[in-house]
Amino acid sequence: MKQKLCTFALNVVALATLCTGAVHASSVLEQIESTKKVRIAIPTDYPPYGMVGIDMKPQGLDIDMARYVADKLGAKVELVPVVSANRVPYLQTGKVDLVISTLGKTEERAKVVDFSHSYSPFFQALFAPKGLEIKDWSDLSGKTVSVTRGAMADSELSKVAPAGTQIRRFEDHIGTVAAYTSGQVQAIATSAGEGDAINRQAPKLGNELKLILKVSPNYIGVKKGESALLERINAIVLEAKNSGELDRLSQKWLKQPAGDLPL
């Protein structure tokens with residue numbers, strides 16, 4: 001009888017532990033609300049969405065959006081710089097609570113990330129100097145192109161680049177852009193915003209948009225299964241859209257309104 005009671009007690013403890021673990025695993029919003037702190041992954045190498053200003057502090061559309069979201073959550077924001085390749089792993093391993101870093105929606109990412117309503121416009125394109133003739137994707141054969149490893153431009157370029165294209169992948173956008181502007185490669189696959197930044201930084205290059213890779217709005221990434229947090233973030237984004245805040249941020253950093261973003 002005593003042995004049965006001990007076994008029963010152990011089973012109760014085990015069940016309680018499992019339940020506690022389950023609650024803990026799905027309570028990121030509760031943690032944010034209790035600690036009054038939210039960790040948000042942001043870019044610092046991808047203007048105008050994220051960059052380091054002359055004061056050495058992060059700035060850009062994504063940084064402004066991160067601060068806006070944190071304020072609406074009633075929390076102090078901890079900005080965590082990431083690159084394309086580690087954004088999702090940081091979210092999966094709990095190093096950040098949210099990702100606001102030019103995150104596009106793909107089938108592969110949707111397996112491990114839940115996406116909020118879209119908060120800003122974004123499209124990927126192929127850029128090259130005016131003197132380099134590229135009218136369709138077949139013209140890339142034999143040419144060198146830089147792209148950031150793990151970015152959407154990387155996966156999209158891989159789908160359309162013909163045999164013979166030399167794709168050179170870099171770990172961050174700074175390296176990708178530097179390879180292009182220094183003449184190490186002939187073309188670059190990146191965002192329209194980055195293309196505009198290159199025009200300002202290196203006007204003598206004669207950089208121009210050649211081909212559109214993909215139109216892909218940006219979304220806030222939430223760890224899979226965190227439904228309460230996702231619902232709260234969606235409400236914040238919808239409020240920002242209805243109040244004109246999304247248009248204001250887009251106009252500030254992209255010089256155009258956000259437009260009709262998908263919900």
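How many cavities of 30 Å³ or more does the count come to? I looked this up, and the count is 3. I noted the rule: on a 1 Å grid over the protein atoms alone, a cavity is a set of points where a 1.4 Å probe fits but cannot get out, and a pocket is an open set with protein on both sides within 12 Å along at least five of seven lines. Lining residues have an atom within 4 Å of a point. A volume is the space filled by probe spheres set on the points, with grid points joined across faces, edges and corners.

I wrote down that this is a predicted model, in which local features need pLDDT of at least 70 and side-chain atom pairs count only at pLDDT 80 or more, while totals for chains, interfaces and linings use all residues. Residues are numbered from 1 along each chain as its sequence is written, and side-chain values use heavy atoms, with hydrogens and water left out.

**Whole protein**

I counted 9 helices and 13 strands; these are DSSP runs (helices H or I, at least four residues; strands E, at least two), numbered from the N terminus. The C-alpha trace spans about 90 × 45 × 35 Å along its principal axes. I found that 48% of the 263 residues count as buried (buried is under 20% relative accessible area, exposed over 50%, partly exposed in between, with a 1.4 Å probe and protein chains only).

**Cavities**

The largest cavity has a volume of about 70 Å³. Its lining includes Tyr46, Arg109, Met152 and His173. By class I have 4 nonpolar, 6 polar and 2 charged residues there. Ala, Val, Leu, Ile, Met, Phe, Trp, Tyr, Cys and Pro count as nonpolar, Asp, Glu, Lys and Arg as charged, and the others, Gly among them, as polar. Domain 1 (29-122 + 218-254) and domain 2 (123-215) each supply at least three residues of this lining; the bounds come from an automatic or database domain assignment.

The second largest cavity holds about 40 Å³ of space. Among the residues lining this second cavity are Tyr46, Ser84 and His173. Strand 2 (45-46) and strand 6 each give at least two residues to it.

I then turned to the open spaces. The largest pocket has a volume of about 280 Å³. Of its 15 lining residues, Pro48, Gly193, Asp196, Trp253 and Leu254 lie nearest the centre. Helix 7 (192-201) and helix 9 (245-254) are the elements that give two or more residues to this lining, and helix 7 has the largest share, with 4. The largest pocket lies between domain 1 and domain 2, because both give residues to its lining.

The second largest pocket has about 220 Å³ of space. Helix 5 (residues 152-160) gives the most to its lining, 4 residues. I sorted this lining into 2 nonpolar, 3 polar and 6 charged residues. Both domains contribute here too, so the second largest pocket lies between them.

**Lysine 105**

Where is lysine 105 found? I placed lysine 105 in the loop between strand 6 (98-103) and strand 7 (113-120). Is lysine 105 buried or partly exposed? Lysine 105 is partly exposed, its relative accessible area being 40%. Leaving aside neighbours within four places in sequence, I listed its contacts (heavy atoms within 4.5 Å) as Phe115, Met152, Lys214, Ser216 and Tyr219. Lysine 105 and phenylalanine 115 are 10 residues apart along the chain, with 7.2 Å between their C-alpha atoms.
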